[in-house]
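Subject: Structure for your files, with notes

Hello,

Please find the structure below, followed by notes on what was found in it.

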Amino acid sequence: MGWFSKSIQRLAGHRTLFHSLLGLLLGSLIAFGLEQLVTYLLYQQGFTIPASFVRGTHLVFYAVLFGCIMHIVADAMTEGGVPLLWPNHKRFGIPPNPHWRFRTGTWPEFVIVWSFMILVGIGIWQSIIVI
């Protein structure tokens, strides 16, 4: 969502509001609204069973919220960390010692991101099989 991300970055700066607990709350509200929109559009197109499934499981809400949390966690693993208590500028990271974290754009980031994406894909595949 390049244009949207760039607009937010111009307004609030990079790794500020949406990398914090306040941003997570805002992301939750956006996720809830998006779920309502998806459910409405599915009903409008006559897809009542998928719409009921989305509404009953809160699939969109949890998926967006999970993505937001994992994004913050991944950025917390970089040298710069994240401002969890924004607008307070103190940055937090995993692990707490910045020397143990990786630099954005290096091979550890590639390995961590792709490993996680593969695990999420396996989890999605498993949940589809169960359904």
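What share of the contacts in the chain with a separation of 6 or more comes from residues 24 or more positions apart? The share is 49%, where contact means heavy atoms within 4.5 Å.

Some ground rules come before the rest. This is a predicted model, in which local features need pLDDT of at least 70, side-chain atom pairs count only at pLDDT 80 or more, and totals for chains, interfaces and linings use all residues. Residues are numbered from 1 along each chain as its sequence is written, and side-chain values use heavy atoms, with hydrogens and water left out.

Overall layout

The chain has 5 helices and 0 strands, and its pattern along the sequence is α-α-α-α-α. Helices (H or I, at least four residues) and strands (E, at least two) are DSSP runs, numbered from the N terminus. The C-alpha trace spans about 55 × 35 × 25 Å along its principal axes. Of the 131 residues in the chain, 21% are buried. For accessibility, buried means under 20% relative accessible area, exposed means over 50%, and partly exposed lies in between, with a 1.4 Å probe and protein chains only.

Helices α3 and α4

The axes of α3 (residues 48-57) and α4 (residues 59-76) come within 5 Å and cross at roughly 55°. Axes here are lines fitted to C-alpha atoms, for helices over the stretch in contact, and angles run from 0 to 180 degrees between N-to-C directions. The two helices, α3 and α4, are therefore oblique to each other; under 35 degrees counts as roughly parallel, over 145 as roughly antiparallel, 65 to 115 as roughly perpendicular and the rest as oblique. On the α3 side the contact involves F53, V54 and T57, which meet L59, V60 and Y62 of α4. By class, the residues of this contact of α3 with α4 are 5 nonpolar, 1 polar and no charged. In this scheme Ala, Val, Leu, Ile, Met, Phe, Trp, Tyr, Cys and Pro are nonpolar, Asp, Glu, Lys and Arg are charged, and the others, Gly among them, are polar.

H58 sits in the loop between α3 and α4. Its phi is near 55°, a positive value in a residue other than glycine. H58 counts as partly exposed because its relative accessible area is 34%.

The largest pocket has a volume of about 750 Å³. Its lining has 21 residues, of which F4, S5, I8, F18 and C68 are the closest to its centre. The elements giving two or more residues to the lining of the largest pocket are α1 (2-12), α2 and α4. That lining divides into 10 nonpolar, 10 polar and 1 charged residues.

The pocket search used a 1 Å grid over the protein atoms alone: a cavity is a set of points where a 1.4 Å probe fits but cannot get out, a pocket is an open set with protein on both sides within 12 Å along at least five of seven lines, and lining residues have an atom within 4 Å of a point. Grid points are joined across faces, edges and corners, and a volume is the space filled by probe spheres set on the points.

The second largest pocket holds about 290 Å³ of space. Among its 14 lining residues, M70, A74, I112, V113 and F116 are the closest to its centre. Two or more residues come from each of α4 and α5 (107-130), and α4 gives the most, with 6. The lining of the second largest pocket has 10 nonpolar, 2 polar and 2 charged residues.

Individual residues

I8 lies in α1 and is partly exposed, at 21% relative accessible area. Leaving aside neighbours within four places in sequence, I8 is in contact with G13 and F18.

L41 is in α2 (residues 21-44) and counts as partly exposed at 45% relative accessibility. L41 and A51 are 10 residues apart in sequence, with 8.3 Å between their C-alpha atoms.

E109 is in α5 and touches F102 and T104, not counting residues up to four places away in sequence.

Cis peptide bonds

Which peptide bond has omega of about 20°? It is the cis bond that joins W86 and P87. The bond from I94 to P95 is also cis, with omega near -5°. P87 is in the loop between α4 and α5, and P95 is in the loop between α4 and α5 as well.

Regards
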